[in-house]
Amino acid sequence: MHRIFAVGIFTLAALLPVSAPATAHVVFATPEAAPGAYYFGELRVGHGCEGLATTAVTVEIPEGIYSAKPQPKAGWTVEIIRESLPEPLAGSHGKVMTDRVARLRWSGGPLSDDMVDQFGLMLKLPDVSGPLYFPVTQTCDGGQTDWTMIPAKGQAWGALKHPAPVLTLKIPDGDAHAHH
Ligand SMILES: [Cu+2]
């Protein structure tokens, strides 16, 4: 009886694909947003680095985004890394901006390879349409995976081994004018 059960499990495992599906990469849980919107999203970490537990997640905030806030997370230390702007810019509420958030980093955990978690952030999105790439460094206990690949023209995001998480900015269907 036990032996038959074991054989059944083995057969199922053999049928699973060798490579993880695209959804198991580091991705935005909600990958679409409206241009110019305040967007709250979560970076989903679907697995570790080649089986190793995740101990830090660092995300690069692309140019054109001047406001980025991480969500605090129990068991993780959050860092906001800023860089100064080449020239001051007019910000919200009449303030002048002299720097921007260049990257956010959560370190702690560890998040084991067989579990999933999400890291929240709020962004003020630029008023443009199209894909925005957020390169992520996944640090693990004894390894690292760089989710930094950006598809070339005509190349599918899913065809890349370690694609950067992408957020696609587009005006919602049936809404000719984006509401701010
Ligand atoms: Cu994956």
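Predicted model: local features only at pLDDT ≥ 70, side-chain atom pairs only at ≥ 80, totals over all residues.
Let me start with terms: two strands pair if DSSP finds at least two bridges between them. Helices (H or I, at least four residues) and strands (E, at least two) are DSSP runs, numbered from the N terminus. Residue numbers run from 1 along each chain as its sequence is written.

Four strands make up an open sheet, in the order 1-3-8-5, and the pairing is antiparallel. At the edges are strand 1 (26-28) and strand 5 (68-70), each of which pairs on one side only. From one strand to the next the twist averages 25°. The axes behind that angle are lines fitted to C-alpha atoms, for helices over the stretch in contact, and angles run from 0 to 180 degrees between N-to-C directions.

Strand 3, residues 38-45, and strand 8, residues 117-124, pair in the antiparallel sense over eight bridges. Which residue of strand 8 does E42 stand opposite? That residue is G120. R44 has Q118 in strand 8 as its bridge partner. Strand 8 also pairs with strand 5, again antiparallel, over three bridges. There, P70 stands opposite L121 of strand 8. As background, strands of a sheet pair through backbone hydrogen bonds, either parallel or antiparallel.

Next, L89, which lies in strand 6, residues 76-90. Is L89 buried, exposed or partly exposed? A residue is buried if 20 or more other C-beta atoms lie within 10 Å of its own, exposed if 12 or fewer, and partly exposed in between, with C-beta atoms placed from the backbone. L89 counts as partly exposed because it has 13 C-beta neighbours inside 10 Å. Setting aside neighbours within four places in sequence, L89 is in contact with Y66 and M97; contact means that the C-beta atoms, placed from the backbone, lie within 7 Å. L89 and D99 are ten residues apart in sequence, and their C-alpha atoms are 8.7 Å apart in space.

Two backbone points remain. Most residues other than glycine have a negative phi, and most peptide bonds are trans. E50, in the loop between strand 3 and strand 4 (54-60), has a positive phi, near 45°. E50 counts as exposed, because 11 C-beta neighbours lie inside 10 Å. The bond joining G109 and P110 is a cis peptide bond, with omega about 0°. P110 is found in strand 7, residues 96-111.

Notes: Contact = placed C-beta atoms within 7 Å.
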